[in-house]
Structure formats: structure tokens, C-alpha cells
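Here is a short note for a colleague opening this structure for the first time. Please read it with the model on screen.

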Amino acid sequence: MSRSDSIAAYDQAIEAIQHFLAAPVEGVPAELLDAFRQLAAKGMLPPGLFLEAVEQAPVAISITDPAARILYVNRLFEQLTGYGREEVTGKNESVLSSHATPVTVYQDLWECIQDRRVWKGALVNHRKDGSEYLAELVIAPVLNPQGGIGYYLGMHRDVTELHQLEQRLKFQKGLTEAALDAAPLVVAMLNADRRVLLDNHAYKALLGDFRGLEPAHLFLDALEREFGFDLGQVCQAGNGFSNIEVRLDPPGGAPPRWFACSGVRVAELDEAAQNYFKQSQLSRCCLLLVANEVTASRNRINEARLNLIRSAMAEQQMAQTLRESISGAIFKLQGPLNVIKAALAMPGLDPCADRCALRKVLQGALETGYEAVENLRAALPSPAREQASSLNINEILHDVLRLSTQSLLASGILVDWRPAPVLPALTGQANALRGLFKSLIDNAIQALNESNRSQREIHLDTRLDGRELVVEVTDNGPGVPARDRLRLFEPFFCGWTRPGGHAGMGLTMAQEVVIEHQGSLEIDPDFAGGCRLFVRLPLQGMGGD
Ligand code: FAD
């Protein structure tokens, strides 16, 4: 290219850029316009200096005529493509075309720029030496004063390394996800706001099982309530935790599930440009939560535990029946003894001889009676004192349901068991509470057996109400008449039409247990479809004042 040719090419380039700036087509990136406007500085820069600035621009710039014939290329274009400007001037931009770009991309490009719109996209280019690179390209049409297309302004940069990095990242991500998905563990990454950033197949399956309740939140709630776990603490102190077993109760009454949870703190790097120099201080905390389901082994342990509970409850039941019978006998004996005592206190019985003999007999009967009462009292098995411990009420109720399975099935009763997914621990006596709920379930079964309903149901719900655990036991049996609602809790009251072996002490003892736990047991007076009982147990239970 001769010197005069190159001056002509420069002049054309300046003209093209001036036209471009005078009437930029819609869609030209604002930063590009700004860059060129600063270069042009509204005529403050002499044309030579302005062109020098375009020459030095850190992006490959080319200006073509409307048929894509190159009029001007800058220095970076030469460096990037390997073509000198003399070699490409007058040639079509297709000199850079590689067969790796689908023809549809070119069709789209041309349709766009001929429509006076800016095209942005990626093309596979080849350099003069045949090597290929990925070009990120912006082509802006430059309109002439008549509104026709005078030039095209092309700007491109080599994004091969960026693309390779992206590909590698995608591969790494794919690899990580495949490994996570293949693992039989539930994995989730949470940020400090408890938002799930990443999860795996097992996690998604759990999300389905819990009907859309976020499992990570259930785990955190369970860890927090049962072990005082604090996500903020993990972030600050950086301490993780490992193999903490938590129980989750799926909605719809499915059996409880157990997970051994571990967590490690992971720093999420800040991507904001302004924090480039502050990375270490501003990294945000994330928690990698890994939960291994241990329900099967828990169930085996539970089965063995349930057998122990079964025999303990059978013993407890026997002792209770004995206590009820002896208490009943004492109660029955008290009646005649009171009559004798009253007779002895009558004034006419004294001091006549005949009557003295009668008095002696009565006195003797009274003494023997008292002695019998004392003997019976001594024979009363003392209620077993049980240590209070930290309990999960859902677990207690689940045990009771399992212990009652036979009777429920035999009576054709449908149980609608709706435990709260996560409940805080309660301090109380496990066996006493099992006995309490067993007697409530037994009562519901008896009520349903006495009713003529074809569809027999028991609903069992648990929930947290402030600092109290509430257990709701509802049956759709005949219900309790208003006049009996208080008497039900009196000793030896029996309202069943078929009392069988019931001595009328079940609810009395149930109430004793509730009172010992500082709670309450009441019948819902407004419930009309059967009987609904509320058991309210303060969380501190027997651990409170
Ligand atoms: P061709 O067979 O020539 O074209 C492929 C298809 O593109 C055609 O079937 C047709 O639909 C469409 N097409 C081509 N030319 C025209 C036209 N003049 N009018 C309407 N439709 C047309 N290409 C690159 O590969 N790399 C670049 O870096 C590059 N930069 C460019 C910069 C500018 C400013 C402009 C205006 C174009 C640029 N092009 C670039 C596009 C280039 O001009 C070619 O269109 C493209 O390279 C395809 O050429 P080809 O010979 O491989 O295929």
C-alpha cells in the first residue's frame, strides 16, 4: 500500500467513525459510543491524534464498505489476525472466516446489519497462519447522511481463553454435579441466609418426599432445636460438625426418617469488582451440609427398643390393673366401714348390755375392716419412679401407634397421623407419657367400637404453640356428653356402654401424668364430630420449676 493509499484509507476511516458517531444506529453498546466520543472529544483531538487513538485501541477494529470489503484495520487487528493491513485492505472480512462457523450464523449476522441493527455474537476465525480463535464480535452499521448504509464498523476480541476457561468450569461443575448426584448422600450448599445454592439428586428426591418443604431448612431447624446449632456461629467460628443424628417427620404420616448430618463452612468468594482487593475479608459464609440417611439402622434399633417398651408397658399395665383393682376394693370397703363407724357413734348404742355386745361386734368388724384396708394399701404396688429425660414427643406417639397397631387394625380404624416435621425436645418421663397417650388411643378405639360408624378415624396431630407442645387426639366416635366432661377424670367413673375390664381409672391416671409434667389435658367442648382431646405439655416439662 502506497503512502497516498494509506492516507486515503485513514481519511475514510475517520469519515466512517465521524458518521458512526453522528448517527449511531440503535443498539450500539453505550460504552463503545462513549469510548469513541472520548477519542473524538468533539473535535478537540486533531484527526491524526484521533486516528492514533483508534489505532491503539485495545480491541481489533475494522471498517468496511457495505459489501464487507475492508477499508481500514487497526494495529490490534493486525496483531490478532496475523494479517498486515496492506494484505487485507480491499478484501472481504470473510478472509477471517473459518468453516467451523455455521452458515446460519452468517445469515443472521447479515440480516441484522442490513436491517441497520447492531449484531453481537461469536465467530470462529482463523488467522493468517491457519490457527483458529474464537472472536467475540460487534458489527455496527454506519449510516451515511442519506440514511443508507455507508460503512460497517467491526470490533472483535479474542475470547478463546475465556471460552476455554468457561468450558473447563462447565466440565468441573458437571463433574462435581455428577459425583454429587451419584453419591447416595443428601448434599446441599446454603448461604448465610439459608438459601440453597447447590443440591444433588438425593436432595431433590427428599424435597419431593417432604412435599416441597425445603429439607435443608428442616435439617437446620432440627439441629438448632435439638442441639442448639447456630448457622451464624458456624460462619463466625468456622467450626463444622459431624455425624449429628436428627429425626424428620414427613408430612402425611409417613414413618419418621433419620439422618446423620455433617457440615463444613465454605467461603463463597465475592465476585464484585470493587472488592477485588478485599477478597479475604469479604468472602461470604456458606455451609456444605451432608446428610446420610440412617433410617434403616435406626429402625432396627427402634424395633429392639420397641420390644423393650412393649414388655415394660405390659408390666406397667399389670401393675396399673392391680392398683386399680386394689383401689377399687379399698373404695368399696370404705362404704360399709363408714356405715359401721356412723352406727358406733349413734347415742342409743350406749350403755345397754345387749347393745354393748353389738357394739363389741361392730367395733371388731370396724377394726378388722380397717386392718383389711391397711393390708390392701400395703399391697398397692407403688408407682414406678421414672427419671425425666429429653424426649421427642413425635417419637413417643409413633411408639404408641406402633404398639396399638393390632387393636387399630382389628377395629378397622384409619389413623391420620400428622406430626409437626420438627419439634423441640421435651423434658419428661418417657414411659409415663407413653402410658398416657396409649390410654387416650385405647379410649378412642373403645369409643369407635361403641359407635355404629362405618368409617372409623383417629386423627393425631402434634404442633408447637409458643413454649408448649400440643398433641391433639380426635376420634369420630359418639363423643362425650357435656354432663360427663368433668366426671370423666374422676376415679372409677366409667361412661362406656360396654365397660369390659375398665375400672374407670385410665383418664384419672392420664391426668396425673400430665399434671406431673406441668401440663393440661382437656376435652374440646366445641367439637361436635366425636371427641377431641388436647394435651398441652410445656417444653421444660418436668425440668421446669
Ligand atoms: P459466504 O458463503 O460468503 O456467506 C455465508 C452466508 O452469509 C451467505 O449464505 C449469506 O446468507 C450471508 N452473506 C454473506 N455475505 C453477504 C452479503 N454481502 N450480503 C448478505 N448476506 C451475506 N466473518 C468472519 O468469519 N469473521 C469476521 O471476523 C468477520 N467480521 C466482519 C466484520 C464486518 C464489519 C462485516 C460487515 C462482516 C464480517 N464478517 C466476518 C462476515 C463476512 O463478511 C462473511 O459474510 C462471512 O465471513 C462468511 O463468508 P463465507 O465466505 O464463509 O461464506
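1. Ground rules. This is a predicted model: local features need pLDDT of at least 70, side-chain atom pairs count only at pLDDT 80 or more, and totals for chains, interfaces and linings use all residues. Residues are numbered from 1 along each chain as its sequence is written, and side-chain values use heavy atoms, leaving out hydrogens and water.

2. The ligand shell. The ligand is surrounded by 19 residues, where a residue is near if one of its heavy atoms lies within 4 Å. The closest are Asn92, Ser97, Tyr106, Trp110 and Asn125. By class, the shell holds 10 nonpolar, 8 polar and 1 charged. Here Ala, Val, Leu, Ile, Met, Phe, Trp, Tyr, Cys and Pro count as nonpolar, Asp, Glu, Lys and Arg as charged, and the others, Gly among them, as polar.

3. Where the shell comes from. α6 (103-114), β3 (119-126), β4 (132-143) and β5 (149-158) each supply at least two residues. α6 gives the most, with 6 residues. Helices (H or I, at least four residues) and strands (E, at least two) are DSSP runs, numbered from the N terminus.

4. Polar atoms at the ligand. A polar side-chain atom of Tyr106 lies 3.0 Å from a ligand oxygen atom. For Gln114, such an atom is 3.2 Å from a ligand nitrogen atom. For Glu93, the distance to a ligand nitrogen atom is 3.4 Å. The protein covers 72% of the 920 Å² of accessible area that the ligand has on its own (Shrake-Rupley method, 1.4 Å probe).

5. Helices α8 and α9. The axes of α8 (residues 201-209) and α9 (residues 215-227) come within 9 Å and cross at roughly 85 degrees. Axes are lines fitted to C-alpha atoms over the stretch in contact, and angles run from 0 to 180 degrees between N-to-C directions. So α8 is roughly perpendicular to α9 (65 to 115 degrees). Tyr203, Leu206 and Leu207 of α8 meet Pro215, Ala216 and Phe219 of α9; contact means heavy atoms within 4.5 Å. This contact has 6 nonpolar residues, no polar and no charged.

6. Helices α12 and α16. α12 (residues 295-344) and α16 (residues 430-450) pack at about 75 degrees, with axes 11 Å apart. The contact of α12 with α16 has 2 nonpolar, 3 polar and 3 charged residues.

7. Arg536. This residue is in strand β17 (residues 531-538). Its side chain makes a polar contact with the side chain of Glu468 (3.1 Å). A polar contact is a pair of N or O atoms within 3.5 Å; within protein, one must be able to donate a hydrogen and the other to accept it, and residues adjacent in sequence count only if both atoms are side-chain atoms.

How values were computed:
Angles under 35 degrees count as roughly parallel, over 145 as roughly antiparallel, 65 to 115 as roughly perpendicular and the rest as oblique.
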